[in-house]
Amino acid sequence: METPDVEQQWRDLRENYGRMMEGELAVIAESAYELTDIAREALQSVISERGLDISLKTVPSVVSSALPEPPEPPDDSELISFGWVIDGEELNKLKEELTTVGTACYIGPDKVMEPEDYKGSFSDGVNVRIHRADSDRTIPALMRLRRERGEKQEDEQEGQEEFAVLCPKCRSADVVLEGRDSEVPDPPPNAKFNWSCDACGHQWQDDGIEQPI
């Protein structure tokens with residue numbers, strides 16, 4: 001038979017749980033395995049009295065600390081050689097390009113997927129392979145990527161090139177515009193420009209076209 005102290009403790013706990021909202025009871029029920037037997041009984045009593053769909057978890061969840069197993073690399077018959085690289089820089093570049101066009105690649109005989117995971121030698125070159133099914137799509141996509149990057153680089157280089165009017169005799173940029181070859185205040189578009197060079201004293205006329213320095 002329960003002692004008066006135990007009975008009082010059960011009543012106090014039941015009264016305490018009775019003041020709680022359903023959500024609060026659900027939270028406590030999730031860790032009911034941490035409660036005493038009396039507390040679990042009082043909690044279950046309140047839940048049953050209210051007719052709530054809440055179950056007491058009496059055993060803690062087992063959380064595995066093991067890392068998920070990496071996926072098995074494809075069979076060699078599913079792969080084709082896409083190219084050989086001779087150093088880490090070339091490997092990183094090819095990996096980045098293939099990733100950009102959405103193609104998975106497998107590096108070396110162990111078929112690792114990340115350059116940092118390759119621990120072998122580059123002395124004889126390293127074979128980089130892709131799925132056979134990706135070859136028809138990857139090659140034109142990679143060519144298009146390289147062409148776009150090459151055009152962008154050319155545009156950037158052209159944007160950085162400096163232009164100036166140069167003396168046709170000494171190629172100096174230290175020139176002075178003397179005016180247009182016209183006596184009217186607003187010369188026509190085809191009027192020539194008159195120049196003189198402070199470096200060598202040469203004088204000439206042209207259309208005012210700048211040249212790359």
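In this briefing, a residue is called buried when its relative accessible area is under 20%, exposed when over 50%, and partly exposed in between (1.4 Å probe, protein chains only). By that rule tryptophan 195, at 10% relative accessibility, counts as buried. The structure is a predicted model, in which local features need pLDDT of at least 70 and side-chain atom pairs count only at pLDDT 80 or more, while totals for chains, interfaces and linings use all residues. Residues are numbered from 1 along each chain as its sequence is written, and side-chain values use heavy atoms, with hydrogens and water left out.

**Aromatic pairs**

- Rings of Phe, Tyr and Trp (its six-membered ring) pair if their centres lie within 6.5 Å; planes under 30 degrees apart count as stacked, over 60 as edge-to-face and the rest as tilted. The count by this rule is two aromatic pairs.
- Tyrosine 118 and phenylalanine 122 form an edge-to-face pair, with 5.4 Å centre to centre and 70° between the planes. Tyrosine 118 is buried at 16% relative accessibility, whereas phenylalanine 122 is partly exposed at 25%.
- Tryptophan 195 and tryptophan 204 form a stacked pair, with 6.4 Å centre to centre and 15° between the planes. Tryptophan 204 is buried, its relative accessible area being 11%.

**Packing of helix 2 and helix 3**

- Helices (H or I, at least four residues) and strands (E, at least two) are DSSP runs, numbered from the N terminus.
- Helix 2 (residues 22-30) and helix 3 (residues 37-50) pack at an angle of about 140°, and their axes are 11 Å apart. Axes are lines fitted to C-alpha atoms, for helices over the stretch in contact, and angles run from 0 to 180 degrees between N-to-C directions.
- Helix 2 is therefore oblique to helix 3; angles under 35 degrees count as roughly parallel, over 145 as roughly antiparallel, 65 to 115 as roughly perpendicular and the rest as oblique.
- In contact (heavy atoms within 4.5 Å), Glu22, Leu25, Ile28 and Ala29 of helix 2 meet Leu43, Val46 and Arg50 of helix 3.

- Lysine 111 is not a glycine, yet has a positive phi of about 55°. Lysine 111 lies in the loop between strand 2 (105-107) and strand 3 (126-131) and is buried at 14% relative accessibility.
- Arginine 171, also not a glycine, has a positive phi of about 65°. Arginine 171 is in the loop between strand 4 (163-164) and strand 5 (175-180) and is partly exposed, with a relative accessible area of 45%.
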